[in-house]
Structure formats: C-alpha cells, structure tokens
Amino acid sequence: MRKYLAVLTVLGAMLGVTAWAKPAPFPGIFRNARYVYVTSFDGSQWNPNILPEDRAAIGEVQDAIRSWGHFTVVQEPRDAEMILVVQRRGSEDELAVFDPSRGRNATYLWRVMGRGGLDKNEMPLFQQFRQAFESSLPAEKAKK
C-alpha cells in the first residue's frame with residue numbers, strides 16, 4: 001500500500017509540474033499590436049554593458065520576428081505596442097512580454113523560460129510566444 005501511495009504522489013507531483021510549466025494564455029490586449037521592441041533585462045542591444053549572449057538573443061529574436069512577418073520591429077520602445085525582453089543564460093533563458101505604457105520595470109504580462117530556449121537554430125521560447133499569440137487571435141485572423 002505504501003508503494004502505491006508513493007507512486008501516486010510522484011505521479012501527482014509530475015503532473016503538477018507539467019501543468020505549471022505550460023505558458024499562460026497570451027494577454028488579449030496585444031491582439032492588434034503591430035510594432036514590437038526587443039530588448040534585454042539589462043538594456044538595449046546598443047548598451048555596451050549588456051552581455052554578448054543577450055545582445056545576440058535580441059538580434060536573433062528580431063530576425064525571427066521579421067521572418068514571421070506578423071510584426072514590425074522598432075528601434076525605440078516609445079514606438080512599440082509590445083515589448084519583448086529576452087535573457088540568455090546557461091541555466092535558463094527567458095522571453096517576457098511587457099506593456100510599453102507600463103515599461104519593462106513593471107510586472108511582465110506573459111513569460112516563458114527554459115534551458116536553451118533562445119538557441120539560435122530552434123528558439124523554442126520564440127515558438128511558444130508565436131503559438132500563444134496566434135492562439136489568442138480569432139480564427140480568421142490567425143490564418144493570415
């Protein structure tokens with residue numbers, strides 16, 4: 001009986017972690033956004049003090065956005081309708097979405113994290129962002 005309870009406890013914990021790891025629904029306030037600014041938690045790509053990994057992640061996310069074609073990348077946060085903040089670290093990468101009217105010092109409105117999440121070739125965090133954004137759109141708009 002103890003083995004059975006131990007197995008159930010472990011399975012329940014694993015299911016809980018799996019459910020927790022899924023990203024939240026994408027905020028509807030961004031459905032009509034067209035202009036996106038990409039930066040890091042430590043500053044823009046032009047800041048000489050940011051880590052080279054973060055500078056590279058900014059450029060690679062910008063390239064992924066341009067390839068997707070849904071948004072226009074802007075060079076100033078004041079021109080954006082959505083701010084994407086990236087961070088590339090050995091232990092865990094991060095991609096977070098902020099409302100430009102609140103700034104990136106406010107609480108993020110959507111976020112995903114994962115080891116190797118901003119790797120140049122696959123960029124699974126960007127793919128999760130894209131999928132979450134597209135699933136927030138009405139069906140006819142998501143097909144475009």
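**Salt bridges, total.** I looked up the salt bridges in this predicted model and found 7 of them in the structure.

**Asp42 and Arg89.** I found a salt bridge here, with the closest N and O atoms 3.4 Å apart. I then checked where the partners sit: Asp42 lies in the loop between β1 (35-40) and α2 (52-68), while Arg89 belongs to the loop between β3 (82-87) and β4 (93-98). That makes it a link between distant parts of the chain, 47 residues apart. Next I looked at accessibility. Asp42 is partly exposed at 42%, and Arg89 is partly exposed too, at 25%.

**Asp54 and Arg89.** Arg89 also forms a salt bridge with Asp54, and here I read 2.9 Å between the closest N and O atoms. Asp54 is in helix α2, 35 residues from Arg89 in the loop between β3 and β4. Is Asp54 buried or exposed? I noted 0% relative accessibility, so Asp54 counts as buried.

**Glu60 and Arg88.** My next stop was the side chains of Glu60 and Arg88, which meet in a salt bridge at 2.5 Å, N to O. This pair also joins distant parts of the chain: Glu60 is in helix α2 and Arg88 in the loop between β3 and β4, 28 residues apart. I looked up both accessibilities. Glu60 has a relative accessible area of 15%, so it is buried; Arg88, at 16%, counts as buried as well.

**Network.** Which residues do shared partners join into one network? I wrote down Asp42, Asp54 and Arg89.

Key: Residues are numbered from 1 along each chain as its sequence is written. This is a predicted model: local features need pLDDT of at least 70, side-chain atom pairs count only at pLDDT 80 or more; totals for chains, interfaces and linings use all residues. Side-chain values use heavy atoms; hydrogens and water are left out. A salt bridge is a side-chain nitrogen of Lys or Arg within 4 Å of a carboxyl oxygen of Asp or Glu. Helices (H or I, at least four residues) and strands (E, at least two) are DSSP runs, numbered from the N terminus. Buried means under 20% relative accessible area, exposed over 50%, partly exposed in between (1.4 Å probe, protein chains only).
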